[in-house]
Amino acid sequence: RTQAEMAHTCRGTINLSTAHIDTEDSCNIVLSNGGRTYHLKANSEVERQRWVTALELAKAKAIRMRNNQSDDSGDEEPTSQSDKSELHGPLKTLSSKLEDLSTCNELIAKHGAALQRSLSELESLRLPADSGEKIKAVNERATLFRITSNAMINACRDFLDLAESHSRKWQRLLQHEREQRIRLEETIEQLAKQHNSLERACRGAPGLASGTASISSTAKAGSVQSAKGEASDEDEETEYFDAMEDAPAFITVTADPKHHRRSGSNLSGASEGHPEDWNLEDSVFESSNQSSYNESTGKDLLPRKRRRTRIPDKPNYSLNLWSIMKNCIGKELSKIPMPVNFNEPLSMLQRLTEDLEYHELLDKAVKCESSTEQMCFVAAFSVSSYSTTVHRTAKPFNPLLGETYELDRLEELGFRSLCEQVSHHPPAAAHHVYSRRGWTLWQEITIASKFRGKYLSIMPLGAIHLEFHSSGNHYVWRKVTSTVHNIIVGKLWIDQSGEIEIVNHKSKDKCQLKFTPYSYFSRDVPRKVTGVVSDADGKAHYVMSGTWDEKMECSKILHSSHGSTSTEGKQKTVYQTLSPKVLWRKYPLPENAENMYFFSELALTLNEPEERVAPTDSRLRPDQRLMESGRWDEANVEKQRLEEKQRAVRRRREAEAVEALEEGKDYEGYIPLWFERKLDAVTGELICVYKGGYWEAKDKQDWSVCPDIF
């Protein structure tokens, strides 16, 4: 299928060119792609082998078709209108020449038949014997000429049919491009008009709060600055997040502490409930927002190593955004050739590691005696991973296949982290974190992204696993959708929307978090996150509230009741709670952060050169290092070199796969270095898990298994 056809496949479709085909036993087949897995069962081992062979052949064919399409259009410069007009001329000339060739074919056939008849008439005449032999020889040559001419005529006819079919295909493609261009031009014109009208409305209003009435009449499809200084999106786009319409609605009412204070209880001002309402001391709960990134929280850990606190300022390079974006609508973001001007000097593996910035929340969760209290900390941790994205609209570098990134803070912070790029199409990264403080986290994330013209959707696929060693509590959740708005016109801003369901697969506790999409017409706090922690029986114990860019609070539920029915026909639940406690608060950004890509203190250290790391580590990637140093032109040249090197390796690997299939041999494809693909017992999905060996290889400095990717 073409790329346009692949974009409109049925729900549940798996792209074979990027699928993993595995066998569980004599009859079962596992077919997986990103976060989707199908389990197929054959009647017999012979039938299973027939299916596996057919699927492998179909996968090889799909890979060849994808390569043909990507080689033709993947890295080419965007086609301009002048290029399209230049294509029409050759198409018309080709059509004219094909008509001439068809006429010549008819003439050859006509004159050949006449020549054949004339020779036959000569043979019937009475001529000398030697003349008859010569006429016979000429007749044989004429017969050969006729056969050759017929073959040429058939070949020309086939060529004519092929050229006509391709001509129609080119016409359709040109028409599609023309329609896309017209549609995009209309969108830009509409956005420009809305932008101008909103500017006039804002200038005419005495203030944003008092001028809301005058702005609202023109802001239905426009964008204005929110109270936090961010541009809003079009109101109609809130319909894109229709998955949250079924989220349970609730109202929280803080209880009067006088009616819920027992005699003899000694409580701090942060909590107004019973001592047994909280199994941990208040100081443990409140320390989340009192500690900072530069403070050590572990008595058994070494003092922190002094690390860098700044990087070279971001240079101010101009870029013709329209020349790049106009040919990218509807394409997969990972397949669009992008200059480093759109990037930040960190790879996707390093961005994944940034999720650990507030790892102390998990250290506190280890101490919880109640699984529902522990769930509160896990929920706060899941939200905290988005706090660094509020100003980070630049794109991280796509890791090369086999690229790794380690963050060894075992002696300082008690954990060590390892990431590896385990797949290139689709791009997938495996992540494993071990903490000596009593928890392990692992995940395999596949990033699906689409450029929609006015905004960019980034959809992480894959589950995040967290297990606490002492209790055995195993938590699983998935990330929400990130949306970058105002791609063409206006100031870039990012929003998070969707739902996170965190499940403790041991105790069956659940936490349902809702990320409310931003809307100018909403009275809610921007970037609002709300949720409820419930036990296995569905009883609500805690209410989570806050924003994903600032803080998260937790309130103990004393009583719940059903309230009035909302305008949407849903009945709201009223929760009477104790005063909230702050579980997590965002660290302030370092000084001059706006000139350093808005990096946090942790992000500034992620690309700091370190010794003894693997030769595949992201810190050693030359284009990323050049960009961080401000040498963007050199970084673009180096980025193209690395990508072409990776394409050559991919083509060689695919050729080996096709050759193995033709010979009837098994071809395993790319095998990750430090991770292995296993069937997860909790989710039933195939996931890459850490198999060991990396830290041992680092101790020995034996990197012989690492490929040369840089």
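Setting aside residues within four places in sequence, Ile502 is in contact with Met375, Val378, Ala379, Ser382, Tyr475, Val476, Trp477, Asp509, Lys510, Cys511 and Leu513. The structure is a predicted model. Ile502 is also among the residues with the most contacts inside the largest nonpolar core.

**Nonpolar cores**

- The largest nonpolar core comprises 70 residues, and Leu466, Trp477, Ile502, Leu513, Phe515 and Met544 have the most contacts inside it.
- Helix α10 (residues 371-384) supplies the largest share of this core, namely eight residues.

**Helix α13**

- Helix α13 spans residues 632-662, a total of 31 residues.
- From first C-alpha to last, helix α13 reaches 45 Å, close to the 45 Å expected at 1.5 Å a residue.

**Two glutamates in loops**

- Glu354 lies in the loop that joins α8 (348-353) and α9 (360-366).
- Glu354 counts as buried because its relative accessibility is 3%, below the 20% cut-off.
- Beyond residues up to four places away in sequence, Glu354 touches Leu346, Thr388, Arg392, Ser600, Leu602, Ala603 and Leu606.
- Glu594 is placed in the loop between β21 (581-585) and α11 (601-606).
- With a relative accessibility of 48%, Glu594 counts as partly exposed.
- Arg392, one of the residues touched by Glu354, has its C-alpha atom 10.0 Å from that of Glu594, although Glu594 and Arg392 are 202 residues apart along the chain.

How values were computed. Residues numbered from 1 in each chain as written. Predicted model: local features only at pLDDT ≥ 70, side-chain atom pairs only at ≥ 80, totals over all residues. Heavy atoms only, no water. Helix = DSSP H or I, 4+ residues; strand = E, 2+ residues; numbered from the N terminus. Buried < 20%, exposed > 50% of the residue type's maximum accessible area, 1.4 Å probe, protein only. Contact = heavy atoms within 4.5 Å. Expected span 1.5 Å × (residues − 1). Core = buried A, V, L, I, M, F, W, Y, C linked by side-chain atoms within 4.5 Å.
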